[in-house]
Every structure is written in C-alpha cells, then in structure tokens.
Amino acid sequence: MRRRDLLTLAAAGAVAGPLLRSRAEAGPAAGLTFPAGFGWGAATSAYQIEGAVKEDGRGPSVWDVFAHEPGRIRNGDTGDVAADHYHRYRDDLDLMRDLGLTSYRFSVSWSRVLPTGRGTVNPKGLDFYHRLVDGLLARNIRPVVTLFHWDTPQALQDLGGWENRDCAKWFADYAHTMFSAFGDAVPIWLTLNEPKTVVDNGYTSGSHAPGKRDRRLANVVGHHLLLGHGLAVQALRATGARSRIGPALSLSPTYPANDTGAARRQAATADGEENRRWLDPLLLGRYPADWLAAQPADAPVRAAIKDGDLAVIAARNDIMGVNYYGATTVTGTGRRVMKHPTSQATWQEIYPDGLFDLLTRIKRDYGDIPLSITENGMATTNALRDEDRIAFLREHLAAAHRTIQAGVRLESYHLWSLMDNFEWAEGYTQRWGIVNVDFTTQRRTRKASADWYRSVIARNGL
Ligand code: GCO
C-alpha cells in the first residue's frame, strides 16, 4: 500500500480519528535518560524548504516541473518559494542553535549543484551548501546530508531518469562531487531518501514526481536507485574520507488485522513489500525470494538486475537511516486498515510500539548496524499549541529509549520536521514542523512542541 494513498481509505471513513490527545496524560513515565552523546536533531529537504528555484544557476528538477502541472498539487501550491530557506538560512541556523539541536539533517538540491545533473558544477550552488555546513559546524550542530530527496534534475529525467540504468552512475558522479567538495566536514552522508516512496508514489500511483503509473517500470527504478546507492558508497570509499554513509529508508512494521492465518500470511507479504525488498538487497546482498517470485516472469525488473549488481548494492553501509511514521496493518485479503490513530496525514497509522518492533527486528534479522531515526513526526492542524505532537514525540522517544535498552545501536533522532514546509502533493495544507511558518510573511514561530523538544534535548531525555 502506498503511503499517501490512504486518503481514499480515509474518505471511506475507515480511519480512526486522532486519539493522541487523549493519550497525552497517559504518556510514558518521565525520567528516561539517553546515552551521553545521543544525537538530537531535526530534518528537512531541499525542495520542501529552500525556494529560490531559479536563483544563482539552479537547474529545474522533476519536482519543479511536476508542481507546475495543473492538478498535481493541492491548491496549486509549488516549492518555488517554500520557506525561503535559501535566503533565510542564517536565521534558521540560529533557530536550530536556540533549540539546542546537535544534529541537522537536510538534503542537497542536485540540480542546484549540477544544473543539468552532471557535467559542470554550479559554483554558487555549491557555495550555498558550504555556507550551510560551515554555519552548522560553527554552531556545534552535526550536518547529516541527504544527497537525493526525490528531486532528480529534469535534464536527467529527459534522458529517462532512474528508468535509465545510467542514472545510477550519474548519481554516483554527483555524490563524488559532493564528497570531494566537503571531505570530512560532513560526518554522515545519506545517499537516498525513501526509494520506496519514489517507486510507490513517483512511478506507481503517480501522486509524486515524475507522476508515472507503471508498477513494472517502478521496480526497475527501485533497482537503479539501489544501484546508485551502492556506486555512491564506492565513490565515498575512493576519496578516503572518514565520513560515514548509508541510506534513509521509510520502513513500517506490518501486522495482521486479526488472528487468522490469511491475515498473518498477508502481513508477511506486506513486510516483503514494505521492508525486506529494501533491507535484504542493502544488508544481505539479495532480493527476498518471495518478493522476487511474486514478480511476473516477464517483469522488466528481472532483466534490470545484472550480474554483480547485488554485490555493489550491498557495499558495506556504515549507518542505516530509518524514517518511521507508523505501522501497516493488513486483513486476510491484503487490504490495509487503520487499527491505530492517525494524524492530519491520514495515511499515518500512529503506533509508537511499532518503532521498538521495527528497530529490534533490524538488529535481529540484519545485524548490529548503527541506526539513526532520520525522520519521525506527525502532521497536525494545531498551529502553535500542538499538544498532540508533544504526546506523539514523547511516546516515540520512549519507544526509542526502549530500543537502546534492548541493545539496539540507535545513535540519533531527527524529528520531521524542523519547520512547516511544502508537503509534496498536499502542498502547504499539512503542517509537520515544530516551528510554524507563515508562508505569506515567512515569519517563524516556535510551537509548543519546539519548546518541549528543547527541554528534552537540554535534559538529554524525557
Ligand atoms: C517522507 C519525506 C518527507 C515527508 C514526510 C511527511 O518521508 O516522505 O522524507 O519529505 O515530508 O515524511 O510525509
């Protein structure tokens, strides 16, 4: 089930309303202290906050094109200005410092650095990220840099984009450009953000850029994305940099909606699509047998998987980023149902214990790879008094604490998101930030959750 396509199910009234407010008091006991040096962060992405889409030599991305196609984005919103972070980054850096962040995850606009996706570097584009990284380091905030957060340069899309196997190489060359420019100043590189969402939304439902609806092609894109990740890991190793690298995956533990064998089997199948189809190639060097067997004999993904690809894809990862938003519950017929509360984003099945289940499962089934929660958060219409978000964060941080107690090497937590931003097909109608953005004035206002999170960071715990 595609993450954001649950809107239809919500419309069918199958979605429970947010119950988190009623659970605020029932939150876990306070007094949880995280390990010394635990990373307290927040996350954003380039197209969602930067704006300045035609400034200083930036080239167009697939999201610039898609957002301007009529009917694609709610209310006709675009990321043309977004939160104007490109011009306001100094104030935003001070905002991060005042919150006490020790880590900040952001993404690079590939087409700002390489306007046509490859070839000549745009010095003004690269310089923006130098100023951003330098500003973070000067404030003792660790940069965690995502290289690809869905904004493929349009010039490469015109050559087939990720449908074209060459895109994996173009991505690795872009990554090498960044590694060479920043060296060890960036301690953690995240290659891909949520390849699953590109496959599901960009190429299957068509609700995201580039807006295609072809599942057979989608799985080819998924394979090429993984190949690009592996080649980028090789590119980093070739520079001799001491930085660490890994992907940022959206993962969701799957559960049967009832105790029938059919529901349990469907949950196992859903686990293959939600999780194992990404974790197995990256960490085990093979696609899940059941997932591969479920692909039609003439599925183009079979031909896309070349000898040696899986060895490249499974190149040692130093860290695994996990974007966690909720559980996936399925019936005996494979239909997704919302057994737990949702948020303003009705695809989100909020289940804090699922974070514990997910991270301990990764350790159990894939080994002791260091983990970072690279996204976790919720959307709410509560513009400033977002007590529901505080309850959400408290319960998920308590679950994160339990995973550390269970021996999981969880290093850091990046709240999605630092500020309200362009929420893809939902435009500016969903607010995910702990800092409110008035998009007409660009004024930033800390929400109750920002002050709460600041106190959590100061205490290094709940
Ligand atoms: C994602 C993206 C973010 C979203 C966030 C809320 O995980 O889908 O990384 O860009 O805005 O998840 O949907």
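**Figure 1. Helices and strands of the predicted model.** This predicted model holds 18 helices and 13 strands. Taken along the principal axes, the box filled by the C-alpha atoms comes to roughly 55 × 55 × 45 Å.

**Figure 2. Overall packing of the chain.** How does the radius of gyration sit against that of a compact globule? For 462 residues, the globule value would be near 23 Å, and the protein has 21 Å, so the two agree. Buried residues account for 61% of the 462 in the protein. Turn next to the contacts between residues at least 6 apart in sequence: 77% of them join residues at least 24 apart.

**Figure 3. A closer look at helix 17.** Helix 17 covers residues 387-405, 19 residues in total. From its first C-alpha to its last, helix 17 reaches 27 Å, close to the 27 Å expected at 1.5 Å a residue. Is helix 17 mostly covered or mostly open? Mostly covered: 15 of its 19 residues are buried, each with under 20% relative accessible area.

**Figure 4. What follows helix 17.** Zoom in on the stretch after the helix and you will find G407, which follows helix 17. The phi angle of G407 is positive, near 95°.

Technical notes. Residues numbered from 1 in each chain as written. Predicted model: local features only at pLDDT ≥ 70, side-chain atom pairs only at ≥ 80, totals over all residues. Heavy atoms only, no water. Helix = DSSP H or I, 4+ residues; strand = E, 2+ residues; numbered from the N terminus. Rg over C-alpha atoms; globule rule 2.2 N^0.38 Å. Buried < 20%, exposed > 50% of the residue type's maximum accessible area, 1.4 Å probe, protein only. Contact = heavy atoms within 4.5 Å. Expected span 1.5 Å × (residues − 1).
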